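The sequence and structure are shown below.

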Amino acid sequence: MARNTREEATDNWIVLRSTQSREMLVDQVLTERGIETYLPTVRQYIVRRKRKEPTPFFPSYLFARVDLGSIDYVNLQWTPGLSNVVKFGGRPALVSAELVSAIRERLASLDESGYFDRPAPYQPGERVHIKSGPLAGMAALFDRQLSQRGRVRVFLDMLGRLTACDIEQECLEKARQ
């Protein structure tokens, strides 16, 4: 069964671009106007404020569900903080409801450190061996994963005390028992 254009427009989301750091203002104003919006955020530690705060996952971009033939769409250009509606070939960029749902689900799977849930390569306290790099040949205790890019923290026994060291995960292997 074929959909008509008006029905299709309400099943999709449009992409909005805000002026710099005004995503949350645009989201708030449109929500107050009764327009359904989605601003993907992650909780990021802000050093100067010393706490985790919601931070836009796509800086300067958010999604809105608007009927392209409605007065709401025409009035979007007057939203404070909105730079423009993202367009391709003069037509608003449409994003399927399925893709917006997938983004929501994926961001919901972030752990408390702000990384996507995935098993750590080693368990905290597990003995590891450094196989390459300047510390090659040394034994260590795995502490935690530091980044998605493969940085980890290990503790080395140096001069009778444990010393923290951040290295590349690929430099490690499980210690032989």
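## Confidence and conventions

The protein chain has an average pLDDT of 83, and 82% of the residues score at least 70. The pLDDT is the predictor's confidence in each residue, on a scale from 0 to 100. Over residues 1–9 the pLDDT stays under 50, and for this stretch the model has 6 contacts beyond four places in sequence, a contact being heavy atoms within 4.5 Å.

The model is predicted: local features require a pLDDT of at least 70 and side-chain atom pairs count only at pLDDT 80 or more, whereas totals for chains, interfaces and linings use all residues. Residues are numbered from 1 along each chain as its sequence is written, and side-chain values use heavy atoms, with hydrogens and water left out.

## The open sheet

An open sheet is formed by 5 strands in the order E13-E12-E11-E10-E14, with antiparallel pairing. Strands E13 (161–168) and E14 (172–174) stand at the edges; each has a single partner strand, so one side of each lacks a neighbour in the sheet. Neighbouring strands of this sheet are turned by 45 degrees against each other on average, direction ignored. For such angles, axes are lines fitted to C-alpha atoms (for helices over the stretch in contact), and the range is 0 to 180 degrees between N-to-C directions. Helices (H or I, at least four residues) and strands (E, at least two) are DSSP runs numbered from the N terminus, and two strands pair if DSSP finds at least two bridges between them.

Strand E12 (residues 151–158) is joined to E13 by 8 bridges in an antiparallel arrangement, and Arg153 stands opposite Asp166 in E13. Between E11 and E12 there are 5 bridges, again antiparallel; Gln145 has Val152 in E12 as its bridge partner. Strands E10 (residues 127–130) and E11 (residues 139–145) pair in the antiparallel sense over 3 bridges, with Val128 opposite Ala140 in E11.

## Aromatic rings

A pair of aromatic rings is described by the distance of the centres and the angle of the planes. The rings of Phe, Tyr and Trp (its six-membered ring) pair if their centres lie within 6.5 Å; planes under 30 degrees apart count as stacked, over 60 as edge-to-face and the rest as tilted. The structure holds 4 aromatic pairs. Phe57 and Phe58 form an edge-to-face pair, at 5.0 Å centre to centre and with 75 degrees between the planes. Both residues are partly exposed, Phe57 at 34% relative accessibility and Phe58 at 31%. Buried denotes under 20% relative accessible area, exposed over 50%, and partly exposed in between (1.4 Å probe, protein chains only).

Ring pairs link Tyr38, Phe57, Phe58 and Phe63 into a cluster. Arg104 lies over the face of Tyr38, 4.3 Å from the ring centre; a charge sits over a ring if NZ of Lys or CZ of Arg is within 6 Å of the ring centre and within 35 degrees of the ring normal.

## Two buried residues

Asn12 belongs to strand E1 (residues 12–18) and is buried, with a relative accessible area of 14%. Leaving aside residues up to four places away in sequence, Asn12 touches Arg65, Leu94, Val95, Ser96 and Ala97.

Val29 is placed in helix H2 (residues 23–32) and counts as buried at 15% relative accessibility. With the same exclusion of residues up to four places away, Val29 touches Thr79 and Pro80. Val29 and Thr79 are 50 residues apart along the chain, yet their C-alpha atoms are separated by 7.2 Å.
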